[in-house]
Amino acid sequence: MIHLERIYISRRMKYFLALCLVMMAILAVYGNFDQTKSSLKYEVDKLHERLKHLEKGQKTYPEVKFLTYKDRKRILITGGAGFVGSHLVDKLMMQGHEVTAADNFFTGRKRNVEHWIGHENFELIHHDIVNPLYIEVDEIYHLASPASPPNYMYNPIKTIKTNTVGTINMLGLAKRVRAKLLLASTSEVYGDPEQHPQKEEYWGHVNPIGPRACYDEGKRVAETMCYAYEKQEKVQVRVARIFNTFGPRMHMNDGRVVSNFILQALQNQPITIYGGGKQTRSFQYVSDLVDGLVALMNSNYSQPVNIGNPEEHTIINFARIIKKLVGGESKIVHKHAMTDDPTRRKPDISRAKTILNWQPKVSMMIGINKSIEYFRNELKRSRHSERNFHIPDPINL
């Protein structure tokens, strides 16, 4: 065994070893510094590239009209993420107003309005109007309610509450902030009509205890409450009785005639008709409806107004039109008729023409082709990244 203390090291050797140790330390520090410097440069370059990528992919919005504070309105749309509500959001945003969309997402979807999320004039609120909402607004478009039979019959008590308690809450808000309120009522208030075509003066023929009553009677009492608030509290109200409407952003499972027929034809499934198919409907494209709603809100007319397309089609004829446009091998099949399904439905729009100078502009065939394209793209989606946007067209708005 060697004992280090017995090894003789000269003074010159000690100096040399010390110098070597110092040099090794300097080299080690310098080497680490270079590595650190290199590492920092790499991270900075990486962040710089990421920043450039983010700037390149920065969210852009459709070009909106600029309004001064005198002309710009604060507008609340209940059900604003739904089928009709989202198209109304587009219209009012493009006009330059500040829009708040409130929705509980029962049938509405965020992606219907996601092209506006982040815009300074738009706000999306996750809210159920069965609970009061306290915000400052100038106008209220009250659209919140499931509107297709499978959806409103899924939870009839909830449907009744939305159309009664929800309407009371919106009327209360309108009273507090002195806002004008438009109620999106429905042709269902006429029930299975004995008058044809249906005029606004017609009181209807509704089964108050049938499976559709939760919606039919819910809307009828909503209208009653609007006019009670108008008479007693001087709230400005507008009532639109909306007839069958179709177009992009319809929910694929909403069970309406148009979406059912198109999806069944696109997937080569049997096109299902409930009953003999001789019952009639009048179909309007969603952009026409939105134009009618805005025209009614901006008018000075407070009585109910039919908003619909008076072009009447039998269900069997409509199914054949869809089958021809889509192609494929679908067959038309008949099932038992639905309870209380109206036999005829056609609006008299004389009042809308006279008071609002409104009538449908989009032909049914053009609207159906746009809807077919939308649903075809929906069926192609397999990932969230595969978006199927229906961006508002500035020309039409």
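Entry 1, burial. I looked up how much of the protein is buried (under 20% relative accessible area, with a 1.4 Å probe and protein chains only); of its 397 residues, 47% count as buried. The model is a predicted one, in which local features need pLDDT of at least 70 and side-chain atom pairs count only at pLDDT 80 or more, while totals for chains, interfaces and linings use all residues. Residues are numbered from 1 along each chain as its sequence is written, and side-chain values use heavy atoms, with hydrogens and water left out.

I noted 10 helices and 13 strands, taken as DSSP runs (H or I of at least four residues for helices, E of at least two for strands) numbered from the N terminus. Among contacts (heavy atoms within 4.5 Å) with a separation of 6 or more, 82% join residues 24 or more positions apart.

The buried residues include Val286, Asp288, Leu289 and Met297.

I examined helix α8 (residues 315-326) and helix α10 (residues 364-380), whose axes, lines fitted to C-alpha atoms over the stretch in contact, come within 11 Å and cross at roughly 60°. That angle makes α8 oblique to α10, since oblique covers what is left after under 35 degrees (roughly parallel), over 145 (roughly antiparallel) and 65 to 115 (roughly perpendicular). On the α8 side I recorded Phe318, Ile321, Ile322, Leu325 and Val326 in the contact, and on the α10 side Met364, Met365, Ile368, Asn369, Ile372 and Arg376.

How values were computed
Buried < 20%, exposed > 50% of the residue type's maximum accessible area, 1.4 Å probe, protein only. Axes fitted to C-alpha atoms, helices over the stretch in contact; angles between N-to-C directions.
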